[in-house]
Amino acid sequence: MIYGIGTDICDIRRIRASLERHGDRFAEKVLTTNELAVWRLRSSRWPERGVKYLATRFSAKEAFSKAVGLGMTMPMTWRSCEITNLPSGQPTLVLYGALRDWFEARGLTAHITMTDESEYAASFCVVERKGE
């Protein structure tokens, strides 16, 4: 059974401006340790690819926060939610700490998808209750 859905569209130019204004602090606020490592690697090779990576993760976490109905309030935090990829390339969520406990206690599972174009990153998330 569907527990919730969420979508988000993010202006990549806004993410770029935040990086210019706040430097790595902005990425460090939004990304987990694992995501930061990928972001730094992509940014060092091709800065625009790093900006798009950050924008898609920002958008996906926003979509997830809407799908679970929490928004950005506890236990949902930027760094308690990680967007990673399966070997097939499919994006998936890894949750940590209190958010993971909250999510598992409700018997939930999530599906996330992301995309980016020249100026926008977009994400869509469906959260289901397991076994229904």
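A residue is called buried when its relative accessible area is under 20%, exposed when over 50%, and partly exposed in between (1.4 Å probe, protein chains only). With a relative accessible area of 36%, Phe124 is therefore partly exposed.

The model is predicted, so local features need pLDDT of at least 70 and side-chain atom pairs count only at pLDDT 80 or more, whereas totals for chains, interfaces and linings use all residues. Residues are numbered from 1 along each chain as its sequence is written, and side-chain values use heavy atoms, with hydrogens and water left out.

The interior may be considered next. A nonpolar core is a set of buried Ala, Val, Leu, Ile, Met, Phe, Trp, Tyr and Cys residues joined through side-chain atoms within 4.5 Å. The largest such core has 18 residues, of which Phe64, Cys81, Leu99, Phe103 and Val127 touch the most other members. A second, separate core of 17 residues includes Leu36, Trp39, Val51 and Trp78.

Aromatic rings also meet within the structure. Rings of Phe, Tyr and Trp (its six-membered ring) pair if their centres lie within 6.5 Å; planes under 30 degrees apart count as stacked, over 60 as edge-to-face and the rest as tilted. The whole structure holds 3 aromatic pairs. Phe58 and Trp78 are stacked, at 4.7 Å centre to centre with 25 degrees between the planes. Both Phe58 and Trp78 are buried. Phe64 and Phe103 form a tilted pair, at 5.7 Å centre to centre with 55 degrees between the planes. Both Phe64 and Phe103 are buried. Finally, ring pairs link Phe26, Phe58 and Trp78 into a cluster.
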